[in-house]
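Here is a short report on a protein model. Keep the sequence and the 3D view open while you read.

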Amino acid sequence: MSSPTGPASGLPVRMPRPRQPGRHRRPEPLAAPEGAPALLLAVPGAPGTATRSLADEVVSIARSELPGLDARIGYLDGDDSEFPTLQSVLTRAAEERTARYEQARAAGVDAPRPEGPVAVVVPLLAGPDSALLRRLRQAVMDSKIAAELTDVLGPHPLLAEALHVRLSEAGLARADRARLFTVATAADGIILASVGGDEAVQAAGITGMLLAARLAVPVMAAALDQEGAIAATAEQLRTSGSQHLALAPYLIGPELDDGLLDAAAKEAGCSAADALGAYPAIGKLALSKYMTALGITPQQSTGAPVR
């Protein structure tokens, strides 16, 4: 039992550490601003157990990077029972924000009326897919809730890192570009597979250049959803001298139709790495899109240096 002056005798007392003086003191940890909009991860594709697990992991990574973050998941093809739709998640977030305001006013707190977006909607997509993005925009508009829709996660150097890791996990690339050891099955040409048409291929090609620099092998982007594109790209790589090819999906996973990747790998006569999945960079990039939309930067939380 605690006494009026502190914990009872024998219990450990946690004393706050003094703040380090001077210009080199550690910055204050960044946290979500009070009353900030929710981060709504918009998940494409058919929902299921695997998709939910992946989305939960991405959201968990984002929360770990920004304590206090209100992060939610909405499914583009949800059923509003087990897998909530974007519209229902946005509606609930708006209702909860209004309820918090009314409760504060009822308690005599002079709280400002909530303004601005209820949520920042971040598509769980590595690259652009005009059809999916059009549906996402329509879903946000149909909800009639103030929300901001961000761009997709790539291109980005962190996605090149994620692709490298997935290839190395499949035994198709060196695990560490700084070391000179080789993998017997390492590919000498990479097909970077995307979905979403020509725009998606172009965006994948930007990340592909970063991946090529990491692996020191040619990387070419091609569309999974365009008949014959993967096989034609494989032939082009082989003609230029690559003999052992690998297929690397520039995809997170939910947007990938079942069997499409395996069929493409068979068509190209090569092995395939796994989709990006819940690689830590995915959660960090989703959070980065959210923070950029709100103008939140780590520098804002540290304040001016102490002299």
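The model is predicted.

Start with the open sheet that runs in the order 2-1-3-4. Four strands build this sheet, and their pairing is parallel. Strand 2 (71-75) and strand 4 (147-149) take the edges. Each of these edge strands has a single partner, so one of its sides has no neighbour in the sheet. On average, neighbouring strands here are turned by 25° against each other, direction ignored.

Look next at strand 1 (residues 38-43) and strand 3 (residues 119-123). Five bridges join these parallel strands. For a landmark, find L40, which stands opposite V121 in strand 3.

## Helices on this sheet

Helix 1 (residues 49-65) lies across strand 1 and strand 2. Its direction is at about 155° to strand 2. Helix 8 (residues 280-294) lies across strand 1, strand 3 and strand 4. Helix 8 runs at about 140° to strand 3.

Another open sheet has the order 6-5-7-8. Four strands form this sheet, again with parallel pairing. Strand 6 (219-223) and strand 8 (271-272) are its edges. Each has a single partner strand, so one side of each is left without a neighbour in the sheet.

Strand 5 (residues 189-194) runs parallel to strand 6, and five bridges join the two. Within this pair, L192 has A221 of strand 6 as its bridge partner.

Helix 4 (residues 157-169) lies across strand 5 and strand 7 (245-249). Helix 4 runs at about 130° to strand 7.

## The cavity

How many cavities of 30 Å³ or more are there? The count comes to one. The largest cavity holds about 60 Å³ of space.

Its lining draws on several stretches of sequence. L125, A126, G127, P128 and D129 are among the lining residues. S194, V195 and A200 also line the cavity, as do Y250, L251 and E255. By class, the lining has seven nonpolar, two polar and two charged residues.

## Salt bridges

Side chains of opposite charge can pair when their charged atoms come close. The structure holds seven salt bridges. One of them joins E96 and R72, with the closest N and O atoms 2.6 Å apart. E96 belongs to helix 2 (residues 86-106), while R72 sits in strand 2, so this pair ties together parts that are 24 residues apart in sequence.

## Backbone details

Which two residues does a cis peptide bond join? They are G154 and P155, and omega is about 0°. P155 lies in the loop between strand 4 and helix 4.

K144 also deserves a look. Its phi is positive, at about 60°, although K144 is not a glycine. You will find K144 in the loop between helix 3 (130-143) and strand 4.

Notes. Residues are numbered from 1 along each chain as its sequence is written. This is a predicted model: local features need pLDDT of at least 70, side-chain atom pairs count only at pLDDT 80 or more; totals for chains, interfaces and linings use all residues. Side-chain values use heavy atoms; hydrogens and water are left out. Two strands pair if DSSP finds at least two bridges between them. Axes are lines fitted to C-alpha atoms, for helices over the stretch in contact, and angles run from 0 to 180 degrees between N-to-C directions. Contact means heavy atoms within 4.5 Å. On a 1 Å grid over the protein atoms alone, a cavity is a set of points where a 1.4 Å probe fits but cannot get out, and a pocket is an open set with protein on both sides within 12 Å along at least five of seven lines; lining residues have an atom within 4 Å of a point. Grid points are joined across faces, edges and corners, and a volume is the space filled by probe spheres set on the points. Ala, Val, Leu, Ile, Met, Phe, Trp, Tyr, Cys and Pro count as nonpolar, Asp, Glu, Lys and Arg as charged, and the others, Gly among them, as polar. A salt bridge is a side-chain nitrogen of Lys or Arg within 4 Å of a carboxyl oxygen of Asp or Glu.
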